[in-house]
Amino acid sequence: MRPTQILLKSGRSAWKGPYFVAFPNLREALESHIPIKTQARSCTILPTFVGITFLVHNGRDFNPVRVTQDMVGHKLGEFSPTKKRFMWKSKK
(Lines give C-alpha, C1' and ligand atoms only; values in the text may rest on other atoms or scores of the structure.)
Protein backbone atom coordinates (compact mmCIF):
# COMPACT_ATOMS: atom_id res chain seq x y z
CA MET A 1 0.00 0.00 0.00
CA ARG A 2 1.34 3.43 -0.88
CA PRO A 3 1.94 5.97 1.93
CA THR A 4 -0.49 8.47 0.39
CA GLN A 5 -3.31 5.93 0.55
CA ILE A 6 -2.50 5.26 4.20
CA LEU A 7 -2.69 8.97 4.99
CA LEU A 8 -6.08 9.34 3.30
CA LYS A 9 -7.60 6.45 5.27
CA SER A 10 -7.39 8.37 8.54
CA GLY A 11 -10.43 9.56 10.47
CA ARG A 12 -9.91 13.10 9.22
CA SER A 13 -11.76 14.26 6.10
CA ALA A 14 -9.85 13.94 2.82
CA TRP A 15 -10.16 17.58 1.79
CA LYS A 16 -8.48 18.75 5.01
CA GLY A 17 -5.55 16.36 4.67
CA PRO A 18 -3.46 14.94 7.51
CA TYR A 19 -2.74 17.03 10.60
CA PHE A 20 0.95 17.69 11.05
CA VAL A 21 3.18 20.27 12.67
CA ALA A 22 5.88 22.04 10.68
CA PHE A 23 9.19 21.22 12.37
CA PRO A 24 11.76 23.88 11.38
CA ASN A 25 14.82 21.75 12.20
CA LEU A 26 13.71 18.62 10.35
CA ARG A 27 16.60 18.58 7.88
CA GLU A 28 19.20 19.17 10.62
CA ALA A 29 17.76 16.31 12.67
CA LEU A 30 17.94 13.93 9.73
CA GLU A 31 21.55 14.81 8.92
CA SER A 32 23.03 15.00 12.43
CA HIS A 33 20.69 12.49 14.21
CA ILE A 34 19.53 15.04 16.80
CA PRO A 35 16.12 14.18 18.34
CA ILE A 36 13.28 16.68 17.91
CA LYS A 37 11.47 17.54 21.14
CA THR A 38 7.71 17.93 20.67
CA GLN A 39 4.43 17.95 22.57
CA ALA A 40 2.35 17.47 19.41
CA ARG A 41 1.08 13.94 20.08
CA SER A 42 -1.69 14.33 17.48
CA CYS A 43 0.75 15.02 14.64
CA THR A 44 0.42 12.52 11.76
CA ILE A 45 3.68 10.81 10.79
CA LEU A 46 4.57 11.67 7.19
CA PRO A 47 6.94 9.74 4.88
CA THR A 48 9.53 12.52 5.27
CA PHE A 49 9.79 11.75 9.01
CA VAL A 50 11.24 8.24 8.44
CA GLY A 51 14.59 7.82 10.18
CA ILE A 52 14.13 10.75 12.59
CA THR A 53 13.98 10.39 16.37
CA PHE A 54 11.31 12.43 18.16
CA LEU A 55 11.11 13.08 21.89
CA VAL A 56 7.33 12.88 22.43
CA HIS A 57 5.85 14.26 25.64
CA ASN A 58 3.62 11.84 27.55
CA GLY A 59 2.44 14.24 30.25
CA ARG A 60 5.38 13.70 32.56
CA ASP A 61 8.57 13.30 30.52
CA PHE A 62 9.73 12.93 26.94
CA ASN A 63 9.93 9.42 25.43
CA PRO A 64 12.18 8.74 22.43
CA VAL A 65 10.32 7.52 19.33
CA ARG A 66 12.34 6.48 16.25
CA VAL A 67 10.14 6.67 13.15
CA THR A 68 10.17 3.69 10.76
CA GLN A 69 8.35 3.05 7.49
CA ASP A 70 5.61 1.05 9.25
CA MET A 71 4.63 4.08 11.37
CA VAL A 72 3.65 6.29 8.41
CA GLY A 73 0.04 7.43 8.71
CA HIS A 74 -0.17 6.90 12.48
CA LYS A 75 0.06 9.57 15.19
CA LEU A 76 3.17 10.34 17.25
CA GLY A 77 1.26 9.86 20.49
CA GLU A 78 0.48 6.21 19.67
CA PHE A 79 4.11 5.30 20.32
CA SER A 80 4.56 7.18 23.61
CA PRO A 81 2.42 5.54 26.34
CA THR A 82 0.90 7.86 28.93
CA LYS A 83 0.02 5.36 31.64
CA LYS A 84 2.22 3.01 33.62
CA ARG A 85 1.24 -0.60 34.13
CA PHE A 86 -0.13 -1.21 37.62
CA MET A 87 1.67 -3.92 39.59
CA TRP A 88 0.31 -5.57 42.73
CA LYS A 89 2.90 -5.89 45.45
CA SER A 90 2.91 -9.09 47.41
CA LYS A 91 2.90 -8.72 51.21
CA LYS A 92 5.26 -10.71 53.37
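Biologist: Which residues does Asn58 touch, leaving out those up to four places away in sequence?
Modeller: This is a predicted model. In it, Asn58 touches Arg41, Asn63, Ser80, Pro81 and Thr82.

Biologist: Where is Asn58 placed?
Modeller: In the loop between strand S2 (53–57) and strand S3 (62–66).

Biologist: Buried or exposed there, and why?
Modeller: Asn58 has a relative accessible area of 15%. The cut-off for buried is under 20%, so Asn58 counts as buried.

Biologist: What does the side chain of Asn58 reach?
Modeller: The backbone nitrogen of Arg60, at 3.1 Å. A polar atom of the Asn58 side chain also lies 3.0 Å from the backbone nitrogen of Asp61.

Biologist: Which residue in the turn has a positive phi?
Modeller: Gly59, at about 105°.

Biologist: And what is the bridge partner of Thr53 in S3?
Modeller: Arg66.

Biologist: Which side chains of S3 are buried?
Modeller: Asn63 and Val65, which point to one face.

Biologist: What sits over the ring of Phe62?
Modeller: The charged end of Lys37, 4.6 Å from the ring centre.

Biologist: Switching to aromatics. How many pairs are in the whole structure?
Modeller: A search finds four. One of them is Phe23 with Phe54. Their ring centres are 5.3 Å apart and the planes are at 50°, so the pair is tilted.

Biologist: Where do Phe23 and Phe54 lie?
Modeller: Phe23 is in the loop between helix H1 (3–8) and helix H2 (26–32), and Phe54 is in strand S2. The pair therefore ties together parts 31 residues apart in sequence. Both residues are buried.

Biologist: Which residues form the aromatic cluster?
Modeller: Phe23, Phe49 and Phe54 form one cluster.

Biologist: Zoom out. What pattern does the chain follow?
Modeller: Along the sequence, α-α-β-β-β. That is two helices and three strands.

Biologist: How much of the chain is buried?
Modeller: Buried residues are 29% of the 92. The chain exposes about 7200 Å², and carbon and sulfur atoms supply 57% of that.

Biologist: What about contacts between residues at least 6 apart in sequence?
Modeller: Of those, 41% join residues at least 24 apart.

Notes:
Residues are numbered from 1 along each chain as its sequence is written. This is a predicted model: local features need pLDDT of at least 70, side-chain atom pairs count only at pLDDT 80 or more; totals for chains, interfaces and linings use all residues. Side-chain values use heavy atoms; hydrogens and water are left out. Helices (H or I, at least four residues) and strands (E, at least two) are DSSP runs, numbered from the N terminus. Buried means under 20% relative accessible area, exposed over 50%, partly exposed in between (1.4 Å probe, protein chains only). A polar contact is a pair of N or O atoms within 3.5 Å; within protein, one must be able to donate a hydrogen and the other to accept it, and residues adjacent in sequence count only if both atoms are side-chain atoms. Contact means heavy atoms within 4.5 Å. Accessible areas come from the Shrake-Rupley method with a 1.4 Å probe; for residues, only the protein chains shown count as cover. Two strands pair if DSSP finds at least two bridges between them. Rings of Phe, Tyr and Trp (its six-membered ring) pair if their centres lie within 6.5 Å; planes under 30 degrees apart count as stacked, over 60 as edge-to-face and the rest as tilted. A charge sits over a ring if NZ of Lys or CZ of Arg is within 6 Å of the ring centre and within 35 degrees of the ring normal.
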